[in-house]
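Morning, everyone. Please have a look at the chain on the screen.

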Amino acid sequence: MSITSVTKDPENLTMTVVAEYDVSAERAWQLWADPRQLERWWGPPTYPATVEEHDLSPGGTVSYVMTGPEGDRHRGWWRVLEVDPPRRLVVKDGFADESGQPDFDLPTTEMDVRIDDRDGGVVITMVSTFPSIEALDQLIEMGVEEGLRAAMGQIDEILASGS
């Protein structure tokens, strides 16, 4: 796995994931920009994602459904706040109900993705900011950290395949 660290900062209501890959920023950007590539890693291996809507322009929406091994379905959405390809993507990230509509009974986060050059590749830094300590605790308890680690663990294979 290319994740170098996962840091929870309750004081600042953030969780930061840092990963390094031996690819260009343009190649790394495709992990988000290409919905078929996003499907291959956005979700743990046992809960693959199907992207239903994919508009990475400011104000755009990305919606998806993850399907579990028992056929259980979990929906989510992003509202795109900022985009600067191939360096930055900022989205409001939330859960959705069975019909795909945002479920505001569960916390939403703001996810800020940065892709920075390093010698021989890139560093991807994903900072999720939570609305409260209770929301951070709730989502961590729901397995968000483990799920993100497992999901991002699939990126090396995607990058190695070249597509």
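Which residue's side chain does the side chain of Ser2 join in a polar contact? Asp156, at 2.8 Å. A polar contact is a pair of N or O atoms within 3.5 Å; within protein, one must be able to donate a hydrogen and the other to accept it, and residues adjacent in sequence count only if both atoms are side-chain atoms.

Some ground rules. This is a predicted model, where local features need pLDDT of at least 70, side-chain atom pairs count only at pLDDT 80 or more, and totals for chains, interfaces and linings use all residues. Residues are numbered from 1 along each chain as its sequence is written, and side-chain values use heavy atoms, with hydrogens and water left out.

Back to Ser2. You find Ser2 in the segment before strand S1 (3–9). Strands are DSSP runs of E, at least two residues; helices are runs of H or I, at least four; both are numbered from the N terminus. Ser2 counts as buried because its relative accessibility is 16%. Buried means under 20% relative accessible area, exposed over 50%, partly exposed in between, with a 1.4 Å probe and protein chains only.

Next, the rings. The whole structure has five aromatic pairs. Rings of Phe, Tyr and Trp (its six-membered ring) pair if their centres lie within 6.5 Å; planes under 30 degrees apart are stacked, over 60 edge-to-face, the rest tilted. Take Trp42 and Tyr64: centres 6.2 Å apart, planes at 85°, so edge-to-face. Trp42 sits in the loop between helix H2 (35–39) and strand S3 (49–54), and Tyr64 in strand S4, 22 residues apart. Both are buried. Now Trp77 and Phe104: centres 6.0 Å apart, planes at 70°, so edge-to-face again. Trp77 is in strand S5, and Phe104 is in the loop between S6 and S7. Buried or exposed, Trp77? Buried, because its relative accessibility is 7%. Phe104, at 60%, counts as exposed.

Last stop, the largest pocket. Its volume is about 770 Å³. On a 1 Å grid over the protein atoms alone, a pocket is an open set of points where a 1.4 Å probe fits, with protein on both sides within 12 Å along at least five of seven lines; lining residues have an atom within 4 Å of a point. Here 30 residues line the pocket, and Tyr64 is among those nearest its centre.

How values were computed. Grid points are joined across faces, edges and corners, and a volume is the space filled by probe spheres set on the points.
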